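Let's take a quick tour of one protein chain. Have the sequence and the 3D view open while you read.

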Amino acid sequence: MAKPIPRIGSRRNGRIRISSRKNGRRIPKGVIHVQAGFHNTIVTVTDVRGRVVSCASAGTSGFKGTRRKTPYAAQAAAANAIRTVVDQGMQRASVMIKGPGLGRDAALRAICRSGIRLTFVRDVTPLPHNGCRPPKKRRV
């Protein structure tokens, strides 16, 4: 009697093999999210449905302390995040930039140099419509 083939990746046993699926997926179009804070720059690459394909930050690119906030660190983070998706076949992408940090322009420049055609670049920095009430004035 033949042994049954074990089902790898079934939801019943609670384990899903993601690594083999991620490497085999071809992604022609995607979205590159750049979050530029005052102390770090995070670059996340997703497909059009919003599933994360690759991400990198200035910290994971080897920069520590005050060097993380530099434009060069943001450029390195963008290059690291995009290198993996170019290998998976990404040709076109749209860019969403969020935040006031120094790495905004440097990350965008690195994305342009990578060879991916950009469909649009959008600034999605959240702006309050006069949100929270400020603290009361100090009396000295």
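This is a predicted model: local features need pLDDT of at least 70, side-chain atom pairs count only at pLDDT 80 or more; totals for chains, interfaces and linings use all residues.

**The nonpolar core**
- The largest nonpolar core has 21 residues, and Ile32, Val34, Val43, Met90, Val95 and Ile111 touch the most other members.
- As background, nonpolar side chains in soluble globular proteins tend to be buried together.

- Setting aside neighbours within four places in sequence, Val34 is in contact with Thr41, Ile42, Val43, Val95, Met96, Ile97, Lys98, Ala107 and Ile111.

**Thr41: buried or exposed?**
- You'll find Thr41 in strand 2, which covers residues 41–47.
- Thr41 has a relative accessible area of 1%, so it counts as buried; the cut-off for that is under 20%.
- Not counting residues up to four places away in sequence, Thr41 touches Val34, Gln35, Ala36, Ala56, Ser57, Ala58, Ala74, Ala77 and Gly103.

**Arg104**
- Arg104 sits in helix 3.
- Its relative accessibility is 23%, so Arg104 counts as partly exposed.
- Arg104 and Gln35 are 69 residues apart along the chain, yet their C-alpha atoms are separated by 7.9 Å.
- Beyond its neighbours within four places in sequence, Arg104 is in contact with Ala36, Ile97, Gly99, Asp123 and Thr125.

Key. Residues are numbered from 1 along each chain as its sequence is written. Side-chain values use heavy atoms; hydrogens and water are left out. Helices (H or I, at least four residues) and strands (E, at least two) are DSSP runs, numbered from the N terminus. Buried means under 20% relative accessible area, exposed over 50%, partly exposed in between (1.4 Å probe, protein chains only). Contact means heavy atoms within 4.5 Å. A nonpolar core is a set of buried Ala, Val, Leu, Ile, Met, Phe, Trp, Tyr and Cys residues joined through side-chain atoms within 4.5 Å.
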